[in-house]
Amino acid sequence: MESILAFLNQIKKNNSKEWLDAHRTEYQAATQSFNLLVEKLIAGISGFDTSIKGLTVKDCTYRFNRDIRFSANKMPYKTHFGAFICPNGKKSGFSGYYFHIEPTDSGFLNGSMLCAGLYSPQPIVLKSIREEIYLNGDTFEKAVREAKSFVLEDEHALKNVPRGYPADFQYAEYLKIKNPSVYKRINETFLLSDTFLEKTLEAFRETVSFNAWLNKAIRYAYED
């Protein structure tokens, strides 16, 4: 973990092709360490969520190069490593477990965190999730509460209840959510702990019901 954090802190300050070319060894060491960690996470999570069994590191990780074609930020590289462990891999559209390492105030998520759920789902999926909340809001709330050390992401929530739903609905606040996910901020002390892996898996175990609930709604979206 030390090599990962050291590299990310350096690329945060020296985000250029010239610097990375001169420090290719550090980049490769950090990437290898992160990939080994993702292997352990896949193995550990599959012990309590069989839906992700058989995934490879490549199924769950992302390119380090940024796509700067349409961005005002022209830094060529990310300042974080992330892995999304979900059924059928990161491009499947299913809900899953996201592990993110990033130095504080780097500008993306502004720090390391554990997440579960979906980010920016397709409209057909979000519609299905909202319909399922309207029919079974109590079970959604139960799944959220089971993720007891996580916080529900509502920063980008709608100000009003979506059209077609009553404003006085008991679970109206859940209908406003645009990114159905929960997150847990973690710091360097957590990352460097001797029990880091165990604590991470223990936290993700809290979100099994949350992911299962969302994935049921996602399957409904594509069955209709």
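**The largest cavity**

Author: The lining of the largest cavity divides into 7 nonpolar residues, no polar residue and 1 charged residue, where Ala, Val, Leu, Ile, Met, Phe, Trp, Tyr, Cys and Pro count as nonpolar, Asp, Glu, Lys and Arg as charged, and the others, Gly among them, as polar. The model is predicted, so local features need pLDDT of at least 70 and side-chain atom pairs count only at pLDDT 80 or more, while totals for chains, interfaces and linings use all residues. Residues are numbered from 1 along each chain as its sequence is written, and side-chain values use heavy atoms, with hydrogens and water left out.

Reader: Which residues line the largest cavity, and what is its volume?

Author: On a 1 Å grid over the protein atoms alone, a cavity is a set of points where a 1.4 Å probe fits but cannot get out, a pocket is an open set with protein on both sides within 12 Å along at least five of seven lines, and lining residues have an atom within 4 Å of a point. Grid points are joined across faces, edges and corners, and a volume is the space filled by probe spheres set on the points. Here the structure holds 1 cavity of 30 Å³ or more, and the largest cavity has a volume of about 40 Å³. Its lining is formed by L126, I129, R130, I133, F140, Y174, I177 and P180, with the largest share, 5 residues, coming from helix 5; helices (H or I, at least four residues) are DSSP runs, numbered from the N terminus.

Reader: How do helix 5 and helix 9 cross, and what is the handedness of the crossing?

Author: Two packed helices are described by the angle between their axes and the distance between the axes. Axes are lines fitted to C-alpha atoms, for helices over the stretch in contact, and angles run from 0 to 180 degrees between N-to-C directions. The axes of helix 5 (residues 123-146) and helix 9 (residues 208-223) come within 9 Å and cross at roughly 160°, and the two helices are therefore roughly antiparallel (angles under 35 degrees count as roughly parallel, over 145 as roughly antiparallel, 65 to 115 as roughly perpendicular and the rest as oblique). Their crossing is right-handed, a crossing being left-handed if the near helix is turned anticlockwise from the far one by less than a right angle, and right-handed if clockwise. The contact (heavy atoms within 4.5 Å) includes I129, I133 and F140 of helix 5 and W213 and L214 of helix 9, and its residues divide into 15 nonpolar, 4 polar and 3 charged.

Reader: What is the angle between helix 3 and helix 8, and which residues make the contact?

Author: The axes of helix 3 and helix 8 come within 10 Å and cross at roughly 45°, and these helices are therefore oblique to each other. The crossing of helix 3 and helix 8 is right-handed. L37, K40, L41, G44 and I45 of helix 3 meet F196, L197, T200, L201 and F204 of helix 8, a contact with 7 nonpolar, 2 polar and 1 charged residues.

Reader: Which residues line the second largest pocket, and which helix gives the most to that lining?

Author: The second largest pocket, with a volume of about 180 Å³, is lined by M1, I4, S33, L36, L37, K40, F196 and L197. Helix 3 (24-46) and helix 8 (196-205) each supply at least two residues of this lining, and helix 3 gives the most, with 4 residues. By class, the lining of this pocket has 6 nonpolar, 1 polar and 1 charged residues.
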